[in-house]
Every structure is written in structure tokens, then in C-alpha cells.
Amino acid sequence: MNKPVRRIAIFCGLLVLALMIRDNWIQFVQADELKTNKNNRRVTIARYSQPRGNIIVDGNAITGSEQTGGIDFKYKRTYQNGEMWAPVTGFSSQVFGANQIEKLEDPVLTGDDDRLFFNRTVDMITGKGKKGGDVITTLNGKAQEAAFKGLGNKKGAVAALDPRTGKILALASTPSYDPSKIAGAQDSKAWQALQDDKNQPMLNRALRQTYPPGSTFKVVTAAAALENGLYTDVDAKTDSPLPWTLPDTRIDLKNEGNIPCKDASLRVALQWSCNSVFGKVSADLGNKKMIDQANKFGFNKPVDTPVRAVPSVYPKDNRPQNAMAGIGQASNRATPLQMAMIAAAVANNGKLMEPYMVDKLRAPNLNVIEHHQPKEMSQPISADTARKLQSIMETVVEQGTGKSAQINGVKVGGKTGTAQHGVDNSGNPYAWFISYAKTDNGSPVAVAVVIEGDEETARDDIAGGALAAPIAKSVMQAVLATEK
């Protein structure tokens, strides 16, 4: 071989080597970056080239796929009762991406998950199109319907759990939206209308919105009093003068109405929701002990369901603000899921199970590729404390402010709350109710409901017992009916 030809051969060899290095670099180093690049339409086109797998509730699909007749996107996502299920499913859009379960479980739903390799291989050999797997949820369809219909045109949220396992049984948020209306390539106007809506219909209030929990938090304050030995007998008198002045101030912490709060026992104080008693309990325990107790229930850290819930917050604060936080005011903020977790821990004899809403992931051939096992999250209170709290929460429903949650033949425990907010408490308050129902097999359901007061509702008519408790009752009844 002469010298010029040899040089050309070497040069061509170097070009081939460079091409191979570049090709491998792209495939193995830059693959993920290119796949997630917002300008890479091929990934989106591939995602909607075949029907997605489905999200399942009670054995039935609440999602689907329909042909579009388009060239790039052959299928688009559809939803059954989209508004009701949006806080669970999230959305999957050809233009705007996805969120919640649709995003977190996208590899399974599209069939790209590595655990579906066998299915993809078989489909390739047999010439069938790629199929997505299914996400089987823990949700209870009747409970979700009761929660959604109960909220109606009110702004608010409901979270319901099975205290024994942590399964999320209902997760409703209103106002809501229909994900089907933003699923296609031509739905930009519908998307923009949702972004511009001042009522934030796309906000998942059950997981992503925190509220002052008001008097429902007094369950945690009572737990702190019992766990720290401040009081041991829920029927003994407490050291609670009336009036009681907030620490380091000249401001008396007032109670709502003429109720028996002077030196009231924890039972009577919870029954009638005495601010002065629980404010003083929080002050006597101090900020650190109150934070420690709140943290044991899940405050001050995010919770993955797998959709992430924002952290609820019990704050580091000065003495008067800590007293107010002990009655669910000041900077105390909680999600509805967090408050349902508190009721669930009490109902489950002090054991808090990790909340979750995805039970199984299933391959197209119906083989289960993942099955979630219930996990204990913490033991925020002892079994003895839990039994004492159950006793006084049941008094709230039987003889106190939560009577509207009573269910014939069922033991129900609960706590009402009316949380003030706004500058100088100028905003209409939030109506809260947390509860659980018990059967011979333990407690199958714990519920938290919050209603945001609106301008059309008279301020004096906004109360947890009147607005939120009936919704919690209907959700509990729906779950109890499926337990039989």
C-alpha cells in the first residue's frame, strides 16, 4: 500500500472510531439528558403512539386512551369522572407533561419500565404493539364519591385513611378540573383558563395546601400532655384558671361562648373545645416538647404517598405564640392528610402507618411487578395514651361539638375545629373536622375534612361541626359499608 492510500485509510479509520465514540457517548452518557430535554418531541410522540396503561380503583379503570386521528400523537388520555379523581390521578398532557401518579408511574403506564422487559420482548416477537402496565390504587370509590359530593361547590378538601394499613381511601379537593380537557395537543386555551382561575382548581388541597388546623390540633396538645406526664387522668381537673392570660402578655385567651372551661378536665376541655385549657397546656409544656410531639405525628417533614405532600409545620416560636400554636393557630399549619394521620394514629392504638395510595403495579399480562407492603411510620403515642384520647374524642361526638358525626351502632371519635386566619382574623374561618370510626376489627377509616369559608357563608355559620362533620360522616359510612 502506498503512502497516500495508507494515510487516507488511517484517516478514515479515525473517523469511524470517532463516530463510534460519539455514538456510544450519546447512547450511554447523554441518553437521559436527551430523553428529558423539553425540545425532544420524539419522546412525547412515542409516549402517545399507543394506549397508556390505566389507573385502577376498585378493579375498574378510571382512565383510558382514545385515538386522535393525528399524525404525531395517535392517542390521548381520557378520564372517567375526571374532576372527582384529579387529586389522585393528576393529568397526562401531550403538551404540558404530567403530574402526580400519571408522572410518577409513567414508566409503567407507557410500558418502558425495565420490569416490563419480558412483555416488550414477547410483543416484539409476536408483532404486537407495546403495551403499558396498570397502577392499582388503594382508593375506595364510594368513599371518594362521598367526599367529592359532600364538598360540592365549597372550596376544601378531604383525606381518608385506613388506620390499620395506611391505605389512602379518599383524596378529594374542590374546586377541581377535568384532566381530559387538557390532555390533547389543541387544549392550550383550556390550560390557560385553569392557570388564570383565581380559585386554583389544579391545586391539590388535600396534599399541597396547608391550613391553620384550629381546634382539631388540640388532640395533639392533649397527647403531649399525657405523654409528658403533665396530666395522667383525662377526667381529673387541670390547672386552668379563667380567665387565663397568654404568657408575657396582658392578653386573655378567650373561649367561644359560655362553656365550662375553668379547671376543666381534658375530657371536658376537648368536649367543649376550651382554648384556655389547651393554650395553657401548650405553654406549660413549652415549645420544644410541643414540637417533638407534633413531629412524631409527621409534622415538619414531607410525606410521599407516592405523590409528595408538603410538610405540615409546628413552628419554633416564642411563649405566647407557642400557646396559640397549641390550639391550632399562630404559625401552626397542616395539610388535610396530616390531620387524617393524627386521627388514624389515635384510632390505631398509637401506631401511625405510612400513608400510601398505590397498592400494586401490574404488567399487561396481569402479573404483579410490585406490591406495596404497609409500613409503620412512627409510634407517636403509647397505646395507653391512645385509648385515653379515643375515650375523650368519642365524648366529643356523643356529647360535645361533633354530634353531627354520630353513626348508629358505630363508635365514632372526632374533634371539630374552626380556624381563624387573615390579618387580625379578618378572613372567614376554616371549618375542620377529624374523626375515626371503630368496628369489632379495629378502625377501618379515619377522616379529615377542611372547608374554606367563602364570602357567601355567614361567618357565624362556619363551624366544623356544622359544615365538615357531615362530610366526614358520609365518608366513614361509605367505608363501613364496604367492610361488611
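In what order do the strands of the open sheet stand? I looked this up before anything else. The open sheet has 5 strands in the order β2-β1-β7-β13-β14, with mixed pairing. I note that two strands pair if DSSP finds at least two bridges between them. Strands (E, at least two residues) and helices (H or I, at least four) are DSSP runs, numbered from the N terminus.

Before going on, I wrote down the ground rules. This is a predicted model, where local features need pLDDT of at least 70 and side-chain atom pairs count only at pLDDT 80 or more, while totals for chains, interfaces and linings use all residues. Residues are numbered from 1 along each chain as its sequence is written, and side-chain values use heavy atoms, leaving out hydrogens and water.

Next I followed β7 (residues 134-137) and β13 (residues 358-362), which run antiparallel and are joined by 4 bridges. In this pairing I found I136 opposite K360 in β13.

**Helices α4 and α8**

I then turned to α4 (residues 82-89) and α8 (residues 141-151), whose axes are 10 Å apart at an angle of about 110°. Axes are lines fitted to C-alpha atoms, for helices over the stretch in contact, and angles run from 0 to 180 degrees between N-to-C directions. The two helices are therefore roughly perpendicular to each other. E83, M84, W85 and V88 of α4 meet G141, Q144, E145 and F148 of α8; contact means heavy atoms within 4.5 Å.

**Helices α11 and α13**

Here I looked at α11 (residues 218-227) and α13 (residues 275-285), whose axes come within 10 Å and cross at roughly 50°. I therefore call α11 and α13 oblique to each other. On the α11 side the contact includes K218 and T221, and on the α13 side it includes F278 and L285.

**Aromatic rings**

How many aromatic pairs does the structure hold? I found 6. Rings of Phe, Tyr and Trp (its six-membered ring) pair if their centres lie within 6.5 Å; planes under 30 degrees apart are stacked, over 60 edge-to-face, and the rest tilted. One of the pairs is F91 with W191, edge-to-face at 5.5 Å centre to centre and 75° between the planes. F91 sits in the loop between α4 and β5 (92-93) and W191 in helix α9 (residues 188-196), 100 residues apart.

Technical notes. Angles under 35 degrees count as roughly parallel, over 145 as roughly antiparallel, 65 to 115 as roughly perpendicular and the rest as oblique.
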